[in-house]
Amino acid sequence: MYKSLQYQTEDKTVILATRDDGSMVGIEPTSGELWTLASTGALGAVAAYVPPPEPTAAEKLDEERAKMRCSTAQMGLALIAIGDLEDAEEAFAAEPSASMIWSKATHVARRGPILAALQTFLTDAEIDELFRAAMAVEI
């Protein structure tokens, strides 16, 4: 019936049961008799919980970049601070999507159309630092 059972939480409140056909089912205390059978070993040995691996540096950076968002005012002030406002405005003007966002949007995102324009004069690491600085600007 089940070819494997494994705890999915450190507190042992969820068991993932893999059926013989490869399908899986989550078993929780609210599963009634099935929980009792699984948690007592009547359906087979329940393997210990294995925490997920720590994200790599690249995965952490990718996650951080996905969350990078600031107001256009914050970005403008950060660009002024590093002396690149003119370069940015020229790059935005050359890219219609970036130009529209820069002139009309209230916020910009690291993953949006603004990115391609910024990449014409900044490295990815510099863009990361720019967004970090912009997000820290209080307006």
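These questions and answers concern a predicted model of a single chain.

Q: How many helices and strands does the chain have?
A: Read along the sequence, the elements follow the pattern β-β-β-α-β-α-β-α-α-α-β-α-α. The secondary structure comes to seven helices and six strands.

Q: What is the radius of gyration of the chain, against that of a compact globule of 139 residues?
A: The C-alpha trace spans about 70 × 25 × 25 Å along its principal axes. A compact globule of 139 residues would have a radius of gyration near 14 Å. For the chain the value is 25 Å.

Q: What percentage of the residues in the chain is buried?
A: The accessible surface comes to about 8,600 Å², and 55% of that belongs to carbon and sulfur atoms. Counted by residue, with buried meaning under 20% relative accessible area, the buried part of the 139 residues is 27%.

Q: How far apart do the centres of the positive and negative side chains lie?
A: The chain has 11 positive and 22 negative side chains. The centres of these two sets are separated by 5 Å.

Q: Is L5 buried or exposed?
A: L5 is found in strand 1, residues 2-7. Beyond four places in sequence, L5 touches I15, L16, A17, L43, G44, A45, V46 and A47. Its relative accessible area is 5%, and the limit for burial is 20%, so L5 is buried.

Q: What distance separates the C-alpha atoms of L5 and R19?
A: L5 belongs to strand 1, and among its contacts are I15, L16 and A17. Strand 2 covers residues 15-19. L5 and R19 are 14 residues apart along the chain, and their C-alpha atoms are separated by 8.9 Å.

Q: Which residues does T18 contact, leaving aside its neighbours within four places in sequence?
A: T18 has its place in strand 2. At 13% relative accessibility, T18 counts as buried. Its contacts beyond four places in sequence are Y2, K3, S4, S23 and M24.

Q: Is A58 buried or exposed?
A: A58 sits in helix 2, which runs over residues 57-67. The C-alpha atoms of A58 and A73, 15 residues apart along the chain, are separated by 29 Å. The relative accessibility of A58 is 55%, and the cut-off for exposure is 50%, so A58 counts as exposed.

Q: Which backbone oxygen does the side chain of T72 reach?
A: T72 lies in helix 3, residues 72-82, and is buried, with a relative accessible area of 18%. Not counting residues up to four places away in sequence, T72 touches I101, W102, A105, T106, H107 and V108. At 3.4 Å, its side chain reaches the backbone oxygen of A105.

Q: Which elements do the buried residues of helix 3 pack against?
A: The buried residues of helix 3 are T72, Q74, M75, G76, A78 and L79. An α-helix has 3.6 residues a turn, so residues three or four places apart point the same way. The buried residues of helix 3 pack against strand 5 (69-71), helix 4 (85-94), helix 5 (96-104), strand 6 (107-109) and helix 7 (124-136).

Q: Which residue with a positive phi follows helix 3?
A: Helix 3 covers residues 72-82. The residue that follows has a phi near 75°, and that residue is G83.

Conventions:
Residues numbered from 1 in each chain as written. Predicted model: local features only at pLDDT ≥ 70, side-chain atom pairs only at ≥ 80, totals over all residues. Heavy atoms only, no water. Helix = DSSP H or I, 4+ residues; strand = E, 2+ residues; numbered from the N terminus. Buried < 20%, exposed > 50% of the residue type's maximum accessible area, 1.4 Å probe, protein only. Polar contact = N/O pair within 3.5 Å; in protein donor to acceptor, adjacent residues only side chain to side chain. Contact = heavy atoms within 4.5 Å. Rg over C-alpha atoms; globule rule 2.2 N^0.38 Å. Areas by Shrake-Rupley, 256 points an atom, 1.4 Å probe, with all protein chains shown as cover. Lys, Arg positive; Asp, Glu negative; His and termini not counted. Charge placed at Lys NZ, Arg CZ, Asp CG, Glu CD.
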